[in-house]
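Biologist: I am new to this structure and would like to go through it with you. Could you show it to me?

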Amino acid sequence: MNIWVDADACPGVIKEILFRAAERAQVMVTLVANQPVRVPKSRFIRMRQVSSGFDVADDEIVRQVSAGDLVVTADIPLAAEVIDEGAVALSPRGELYTTANIRARLNMRDFLDTMRSSGVDTGGPPALSQADRKAFAGHLDRILAQHKGA
């Protein structure tokens, strides 16, 4: 199993959780971004910079991901694509995307996009909370434990 991170918008505290998990579980974590991202020296952590452009990092993750990998992203269309590839998708807020819930998330995203296009201010997401961090770490630990037991 590899962990792929949509790193352009991933909060620093989530990256730190992933860095510690990479060392502890000895699993490869690859951050993919349009700009350089600082990563600690580790044989389990790497950074892959892609060219700038719409969805370039997302497309790279989809090209590289394998069934059973974990992708950390807040991008719902990317989560849907990697789920279709047999990977697991987890948001930085600790929401596990599944085949059972991803279509509803896509529909809500599209609805909010339409509202924003019509001039409605839908606001942004709230700041990452301690509960979000805890939910993320909990799901990550369970996924890594399942991988170790497989």
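Modeller: The questions below go from the whole chain to single residues.

Modeller: This is a predicted model, in which local features need pLDDT of at least 70 and side-chain atom pairs count only at pLDDT 80 or more, while totals for chains, interfaces and linings use all residues. Residues are numbered from 1 along each chain as its sequence is written, and side-chain values use heavy atoms, with hydrogens and water left out.

Biologist: Which pattern does the protein chain follow along the sequence?

Modeller: Helices (H or I, at least four residues) and strands (E, at least two) are DSSP runs, numbered from the N terminus. The protein chain has 5 helices and 6 strands. Read along the sequence, the pattern is β-α-β-β-α-β-α-β-β-α-α.

Biologist: What is the radius of gyration of the protein chain?

Modeller: The radius is taken over C-alpha atoms, and the globule rule is 2.2 Å times the number of residues to the power 0.38. For 150 residues that rule gives 15 Å, and the protein chain is close to it, so it is as compact as a globular protein of that length, with a radius of gyration of 15 Å.

Biologist: How do H2 and helix H3 lie, roughly parallel or roughly antiparallel?

Modeller: Axes are lines fitted to C-alpha atoms, for helices over the stretch in contact, and angles run from 0 to 180 degrees between N-to-C directions. Angles under 35 degrees count as roughly parallel, over 145 as roughly antiparallel, 65 to 115 as roughly perpendicular and the rest as oblique. H2 and H3 (residues 76-84) pack at an angle of about 10 degrees, with their axes 10 Å apart. The two helices are therefore roughly parallel.

Biologist: Which residues of H3 meet H2?

Modeller: Contact means heavy atoms within 4.5 Å. On the H2 side, Asp58, Ile61 and Val62 take part, and they meet Leu78, Glu81 and Val82 in H3.

Biologist: Is Glu60 buried or exposed?

Modeller: Glu60 is found in helix H2. Leaving aside neighbours within four places in sequence, Glu60 is in contact with Val32, Arg48 and Val50. Its relative accessibility is 11%, so Glu60 counts as buried.

Biologist: What covers the buried residues of H2?

Modeller: The buried residues of H2 are Ala57, Asp58, Glu60, Ile61 and Val62. Their cover includes E1, E2, E3, E4 and H3.

Biologist: Is Gln26 buried or exposed?

Modeller: Gln26 lies in the loop between helix H1 (12-25) and strand E2 (28-33). Phi of Gln26 is near 55 degrees, a positive value in a residue other than glycine. At 52% relative accessibility, Gln26 counts as exposed.

Biologist: What is the relative accessible area of Asp55?

Modeller: Asp55 lies in the loop between strand E3 (45-49) and helix H2 (56-64). Asp55 is not a glycine, yet has a positive phi of about 65 degrees. This residue is partly exposed, with a relative accessible area of 30%.

Methods. Buried means under 20% relative accessible area, exposed over 50%, partly exposed in between (1.4 Å probe, protein chains only).
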